[in-house]
Amino acid sequence: MWDADADGYARGEGVSAVILKTLRSAIEDGDDIECIIRETGINQDGKTTGITMPSASAQAALIKSTYTKAGLDLLNKHDRCQYFAGDPQEAQALCKAFFGHGKEDPNEIFPSITDPRTEDPPLVPFLFSAASEKSLEGAIMSYVAYLQDNQSTDIRRLAYTLTLCTAVQIVIVDLLKSAGIVFKAVVGHSSGEIVAAYAAGFITAFDAVRIAYYRGRCAALASGEGDLAGAMLAQTVFPATGYIALAMEAAMQIAAGRPVKLIELVDLVINKAITIDDDNGAEIVVSMSNIMTIGKNFITANYTSYSSVSKSSGKMAISASAHVNDFYNNLSELGYGYSGDFRAMGLLSRRSGTASGTILPPAEDHTVSKMYFHPSMLDTALQAISNNITGDISVYSTDEKQTVIAIEGLPSERIALEIPPHHEALLDSANHATELVMNGKHTYAQKSWVNDTHEQICSVMDSLNDYYQNALGFDNAYDVLAANVLHATHTLDETLKHTRKLLKPGGYLILFEIVDNMAMRVGLVMGGLPGWWVGREDGRRFAPTIELPKWDKLLKKAKFSGIDTYTPLNDPLVYFASVFVSQAVDNTTTLLRRPFSKHNQISIPNLLLIGGDSMETSRLMEDIEQLLRPLAKNIITAITLDELQNIEVPPMCTVLSLAELDSPLFKDMSEDRWQALKNVLTVARNVLWLTRGCRRDDPYAAMTENDH
């Protein structure tokens, strides 16, 4: 291990392991393959001056032989070598193997690199970064020390280093191409546009590096608003609505003073953006050709606009947000600088399929001639359209009685504000399912369902209204299957009472309900629906669903048998719902369910029942208590041993314990629990203590059995 000065080492020991697998096995197992070892090799340095001074010649020979066996080119065409400051022997070996020389000094390796210079280059800030304040300070001080020792270095003449980012990007493009990847489209931002042009085949790698160099030289001259140095170059774009305003102004000129009731602009196509020079402006020429008068009241013409830059303007990129300030602030961050008359949205509200708002009028102090239709008013109206949709626009007078502008079928292209990908995926999936149903190809949904209305799909029976039950003839007639629905009512007591009226004597109620509220994903998804919270006044404050023991009690209160059977929750995080069954009971069904309700005259003065902490033992304990109540004069119940600390256990009592059916007693024994156990066993006359799992599943249960 080297110290910080790299002038010595300390011996140490360690173990490392690399787990390797054959390529065939990795492919068969579907592993992520990080790299493939093409060949391995080993040799002996022979005698050297010491352990820290390996033989560069031997290492170079090993590299050459290993690469030769692997059939790999040693890249002799590159006349450069990586410099290893702490390992000159390794650097010499690599250089000798790959590049045919053993030089380790970078000044010797790169003797031909010169510093391209221009006159009076500007001094620009240099950015330092590090993982910590201490390492940042160390990095800065190393630069300072170098500059102090090399005072001839002019930090203003390092523009050639700005090409490194471009060089790395070129290497990445070449690697992708060598892997057989063909670019269908490329896009770049800032300096990335250079390599995008290279990837598209418009320029060579040599040209890309030269462009990057001169771009770096000129970057310091760029400025933005307020002469902010280094800012992105901003451009003012002629608004799309400006072409509409020009067409309308030209139409008014053709009218030549005659009264105009309607101007209709049809099939407007805008192809390419026109940028406006902030100092010199832009010349735009409007042409109205093929002017024809039809009858006395109609004039038609073809409208075209030209500029010195292009023939027309780019496709409209309209974005919108429901909050006006956030809307314009977001657009500003994206580079759309709406200001002045074009920042005229007063209010903006939106609901499904419709957006409405107010448009502030243009300022009155314009130096230009008054226009019939100012483009800012039109542009603001277009701003209300969402991305990637086609919509109609109507601009009304202040009293909302007269339509001033009407635009129909205006397409907008999504450019800046993207619809979230997961929303697009959801809509795409819904559209696909709808198409399958409409074409009759859906596995489950019938084609006729496409024409169903909401009322036809949701024919709702109000379970809380006796009128509906009686009117529909549901009283005491059916078995009932309720799938994840009974919880969505205001009062579970009333719901179960009315549900009980639906069942015939001995009929079964089959429920499917969420019975574990610890799975947060359910509430987070469903909590946005108002129906999820209808039970808050019923004591279900945090969720409408309840646990199995609570369902059991409510069912019994509503003259059901309670929960007769249920699917277990082996992993509540995954399976947080249960299917459970209850029976509508009366005197007849109770007799059938409990044929041994009549007992011999056996008397138990005092009976202590322990257990019932889980759904399973709770049901069992209730059954036992009901069976033994006619026989016992006094029954004492405790769910756990801990509860016995505050209960006086009568002497000579009979004890029946189901507590260890829930959890082994000695698995989590405490001093208080041990004392309670001793108190019970000391005064008991008869003890029946049930355990399970002692022979195989749970060794803790064997402790109770062996101590009896």
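Val480 has Leu509 in S10 as its bridge partner. Strand S9 and strand S10, residues 508-514, pair in the parallel sense over four bridges; strands count as paired if DSSP finds at least two bridges between them. Strands here are DSSP runs (E, at least two residues), helices likewise (H or I, at least four), numbered from the N terminus.

This is a predicted model, where local features need pLDDT of at least 70 and side-chain atom pairs pLDDT 80 or more, while totals for chains, interfaces and linings use all residues. Residues are numbered from 1 along each chain as its sequence is written, and side-chain values use heavy atoms, leaving out hydrogens and water.

The open sheet has four strands in the order S9-S10-S12-S11, with mixed pairing. At its edges are S9 (480-483) and S11 (565-566), each pairing on one side only.

Now the aromatic pairs, meaning Phe, Tyr or Trp rings (for Trp, the six-membered ring) with centres within 6.5 Å; planes under 30 degrees apart are stacked, over 60 edge-to-face, the rest tilted. The structure holds three. One of them is Trp551 with Phe580, tilted, at 5.7 Å centre to centre and 50 degrees between planes. Trp551 lies in helix H17 and Phe580 in strand S12, 29 residues apart. Both Trp551 and Phe580 are buried, that is, under 20% relative accessible area, where exposed is over 50% and partly exposed in between (1.4 Å probe, protein chains only).

Buried or exposed: which is Cys653? Cys653 is buried, at 1%, whereas Cys35 is exposed, at 62%.
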